[in-house]
Amino acid sequence: MSVPFCSLKYAHDQIKYEAEKAMEGVYRRGQFILGTELEAFEHELATYGGTQYCIGVANGLDALYLSLHLLGIGPGDEVIVPAHTYIASWLAITRTGAKVVPVDANSGNMLMDTSLVTAAITGNTKAIMPVHLYGAACDMSQLTAIAKENNLYIVEDNAQAHGATWKEKKTGSFGDCNATSFYPTKNLGALGDGGAITTDSKALAESAFSLRNYGSTDRFTNPVVGINSRLDELQAAVLRVKLKYLDEWNELRRVIAQSYLKQLKGVGDIILPTASYASVYHLFVIRTQYREELRSFLFQKGIGTTVHYPIPPHLQGAYDSMSFKKGVFPVSEKLAESVLSLPMWPGLEEEQVNWVVKQIKKFFEGK
Ligand SMILES: Cc1ncc(COP(=O)(O)O)c(C=O)c1O
């Protein structure tokens with residue numbers, strides 16, 4: 001049996017008719033940029049996520065960068081970010097000219113260790129960027145309290161957690177400005193690049209609408225320097241269709257996660273992700289000291305796995321100039337050596353999950 005790490009086939013087969021109809025509508029109308037599909041999608045995503053405004057942009061990195069820029073963050077400022085994240089979270093901060101201030105991960109939930117945040121605050125800190133990694137929400141009660149106490153902004157990186165909640169409130173609705181990505185494999189994925197900013201502030205939303213479109217207020221008036229970062233009509237049309245299925249697909253992910261959690265308990269040296277109904281399991285990430293061996297064993301059995309992420313941002317060449325030493329973020333570095341993402345997508349069948357589990361158990365029999 002072959003089990004790919006990720007497949008969009010089930011979801012795309014399910015919505016084929018609706019998605020094609022939506023795309024055909026855009027094709028027929030002939031308005032491809034900044035049209036009615038985008039406007040409707042922005043309204044629908046804001047309603048779904050519980051924010052006043054949503055601004056569609058070209059990708060998640062732009063959404064993060066613009067969110068920080070909108071809050072006035074730039075050179076001389078510092079932003080606190082998890083050491084264990086995808087590098088895009090860091091790159092957005094760097095692009096504003098501000099300094100990245102990483103905090104190590106919590107070895108329990110693999111998210112930003114909230115107990116380390118206060119110590120990372122300096123006179124130059126302007127914001128905290130929680131990343132809801134793998135589909136699990138950061139402790140937003142603690143982080144909002146810390147931000148309030150220290151007069152800091154929060155910019156959530158919600159790229160991996162569409163539909164996740166913290167105390168029944170959706171992630172992506174806590175911060176002053178929040179960012180998400182619609183990269184095709186995300187829980188809510190486009191058929192290409194896409195991203196969005198969410199906020200409750202009318203003033204920030206108006207600035208975002210302008211900044212994403214060359215800093216223009218109307219077609220030929222540009223009071224500020226903006227960029228070109230727009231979510232196009234075809235993507236918005238498909239995302240509108242997919243948004244209707246997001247909760248159903250997240251539920252399927254949860255069922256798969258429950259099965260892995262139940263069946264992999266106590267197997268070998270595996271550390272399972274913290275069980276949480278509020279997680280939307282963008283990824284199902286286990287930890288084992290035998291990661292590479294297990295990965296190639298599963299590969300030989302036709303099972304795809306991935307590592308999110310093998311090299312932490314602070315040890316990437318991109319951040320050489322900050323001279324981080326190996327060992328400064330021990331938990332994140334240990335995670336980079338031991339995390340393994342198992343197959344996870346809506347439509348992954350019970351039989352396939354059982355097969356993956358069976359092979360993992362077989363691998364550990366010899367250990
Ligand atoms: C946590 C996180 N932040 C930011 C991004 C950047 O999103 P994009 O690829 O749309 O630029 C991604 C996804 O790739 C991500 O996983």
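Author: A strand, in the terms used here, is a DSSP run of E with at least two residues, and strands are numbered from the N terminus. The model discussed here is a predicted one.

Reader: Why is lysine 167 called exposed?

Author: Lysine 167 has 9 other C-beta atoms within 10 Å. The cut-off for an exposed residue is 12 or fewer, so lysine 167 counts as exposed.

Reader: What makes the backbone of lysine 167 worth a remark?

Author: Its phi is positive, at about 50 degrees, although lysine 167 is not a glycine. Leucine 34 is another residue other than glycine with a positive phi, near 50 degrees.

Reader: Where is leucine 34, and why is it counted as partly exposed?

Author: Leucine 34 is in the loop between H2 and H3. It has 17 C-beta neighbours inside 10 Å. A buried residue would need 20 or more, and an exposed one 12 or fewer; the value for leucine 34 falls in between, and therefore this residue is partly exposed.

Reader: Why is asparagine 228 called exposed?

Author: Asparagine 228 is also placed in the loop between H8 and H9. Its count is 11 other C-beta atoms within 10 Å. With the limit for exposure at 12 or fewer, asparagine 228 is therefore exposed. Lysine 170 is 58 residues away from asparagine 228 in sequence and 28 Å away in space, C-alpha to C-alpha.

Reader: What makes the relation of H2 to H9 roughly antiparallel?

Author: The axes of helix H2 (residues 16-29) and helix H9 (residues 233-243) cross at roughly 150 degrees and come within 9 Å. Angles over 145 degrees count as roughly antiparallel, and so H2 is roughly antiparallel to H9. The crossing of H2 and H9 is right-handed. On the side of H2, the contact is made by Glu18, Ala19, Ala22, Met23, Gly25 and Val26. H9 contributes Glu233, Leu234, Ala237, Val238, Arg240 and Val241. By class, this contact has 8 nonpolar, 1 polar and 3 charged residues.

Reader: At what angle does H3 pack against H9, and which residues make the contact?

Author: Helix H3 (residues 36-49) and H9 pack at about 35 degrees, with their axes 8 Å apart. Their crossing is left-handed. From H3 come Glu37, Leu38, Ala40, Phe41, Glu44, Leu45 and Tyr48, and from H9 come Glu233, Ala236, Ala237, Leu239, Arg240 and Leu243. The contact of H3 with H9 has 9 nonpolar, no polar and 4 charged residues.

Reader: Why are H10 and H13 called roughly parallel?

Author: The axes of helix H10 (residues 246-263) and helix H13 (residues 350-365) cross at roughly 30 degrees and come within 10 Å. An angle under 35 degrees counts as roughly parallel, and therefore H10 and H13 are described in that way. Their crossing is right-handed. Ile256, Ser259, Tyr260 and Gln263 in H10 meet Glu350, Val353 and Val357 in H13. By class, the contact has 4 nonpolar, 2 polar and 1 charged residues.

Reader: What is the omega of the peptide bond from histidine 308 to tyrosine 309?

Author: Omega is near 15 degrees, and this peptide bond is cis. Tyrosine 309 lies in the loop between helix H11 (291-300) and helix H12 (330-338).

Reader: What surrounds the ligand, and which helices supply residues to the shell?

Author: The ligand is surrounded by 15 residues, the closest being Gly60, Leu61, Ala88, Ala159 and Ser181. Helix H4 (60-70) and helix H5 (87-96) each supply at least two residues of the shell. The classes in the shell are 6 nonpolar, 7 polar and 2 charged residues.

Methods
Residues are numbered from 1 along each chain as its sequence is written. This is a predicted model: local features need pLDDT of at least 70, side-chain atom pairs count only at pLDDT 80 or more; totals for chains, interfaces and linings use all residues. A residue is near a molecule or strand if its C-beta atom, placed from the backbone, lies within 6 Å of it. Helices (H or I, at least four residues) and strands (E, at least two) are DSSP runs, numbered from the N terminus. Ala, Val, Leu, Ile, Met, Phe, Trp, Tyr, Cys and Pro count as nonpolar, Asp, Glu, Lys and Arg as charged, and the others, Gly among them, as polar. Axes are lines fitted to C-alpha atoms, for helices over the stretch in contact, and angles run from 0 to 180 degrees between N-to-C directions. Angles under 35 degrees count as roughly parallel, over 145 as roughly antiparallel, 65 to 115 as roughly perpendicular and the rest as oblique. A crossing is left-handed if the near helix is turned anticlockwise from the far one by less than a right angle, and right-handed if clockwise. Two residues are in contact if their C-beta atoms, placed from the backbone, lie within 7 Å.
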